[in-house]
Amino acid sequence: YNNNSHKMNSNDLQLWKINQAIPSLDNEINGKNNPLELGLTDLIDFNKGCYFGQETMSKIRNVSSLKQEIRVWTAKDSVFNLDSDKKNIYKNQKKEKSVGYITSIHKLGSRTIKGLAMIKRKFLDTENTFFTDENCKISINKSISSTFL
C-alpha cells in the first residue's frame, strides 16, 4: 500500500463517497435524517434489543413510512453556485413543487457537478430530471444502498 502511486487524494475520496452515496457527517448525518433515509439499512441490527431509537427505526422499517431518500445527482453544462448546499430541488423550472434539497456538492470539472440530495420518495419513480433554485437542470440517479460497507 505504501508503494502504491495511485493513492486517493481528498478530492478523489470525496468523489468516490458521493458516487457511492455515502452520507457525510458534515452534511447528511445531521440529526434530521434517519439511517434508513440515508441508505444505511443494512448497518442497523433490527434484532438487537434495547438501544436508543430502536422502536422508531422498527416502526419506520415495518410501516415503510420513509418520506425521503438519499440520491446522487449530476448537473452538466450548467452554471451552478458552489458556495452553498441546501438548495431546493423542484419538479419543473416554474418551481411549483419542491421535491427535495441538495446536501453535498462536488465540482468534477469546468462543466460537470455532482453531489448528494435528499429526494421525497413520491417523486423518485416519476422522473429523474429536476431543477434547482437557479433553474439548473439536474439528473437524479437510482438508489444505492450501503451493502458495500
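Modeller: In this predicted model, isoleucine 89 stands opposite glycine 100 of strand 3. The two strands concerned are strand 2, residues 88-90, and strand 3, residues 98-107, which pair in the antiparallel sense over three bridges. They belong to a barrel that six strands close in the order 1-4-3-2-5-6, with antiparallel pairing. From one strand to the next the twist averages 40 degrees.

In soluble globular proteins, nonpolar side chains tend to be buried together.

Turning to the charged side chains, the count of salt bridges comes to three. Side chains of opposite charge can pair when their charged atoms come close. Glutamate 69 takes part in two of these contacts: with arginine 71, where the closest N and O atoms are 2.8 Å apart, and with arginine 121, where the closest N and O atoms are 2.9 Å apart. Glutamate 69 lies in strand 1, whereas arginine 121 lies in the loop between strand 4 and strand 5 (129-132), so this pair ties together parts that are 52 residues apart in sequence. Glutamate 69 counts as buried because its relative accessibility is 15%, and the cut-off for buried is under 20%. Arginine 71 is buried as well, with a relative accessible area of 8%. Arginine 121, at 30% relative accessibility, counts as partly exposed.

The side chains of lysine 87 and glutamate 134 meet in another salt bridge, at 2.9 Å from N to O. Lysine 87 is in the loop between strand 1 and strand 2, and glutamate 134 is in the loop between strand 5 and strand 6, so the pair ties together parts that are 47 residues apart in sequence. As for shared partners, salt bridges join Glu69, Arg71 and Arg121 into one network.

Notes: Residues are numbered from 1 along each chain as its sequence is written. This is a predicted model: local features need pLDDT of at least 70, side-chain atom pairs count only at pLDDT 80 or more; totals for chains, interfaces and linings use all residues. Side-chain values use heavy atoms; hydrogens and water are left out. Two strands pair if DSSP finds at least two bridges between them. Helices (H or I, at least four residues) and strands (E, at least two) are DSSP runs, numbered from the N terminus. Axes are lines fitted to C-alpha atoms, for helices over the stretch in contact, and angles run from 0 to 180 degrees between N-to-C directions. A salt bridge is a side-chain nitrogen of Lys or Arg within 4 Å of a carboxyl oxygen of Asp or Glu. Buried means under 20% relative accessible area, exposed over 50%, partly exposed in between (1.4 Å probe, protein chains only).
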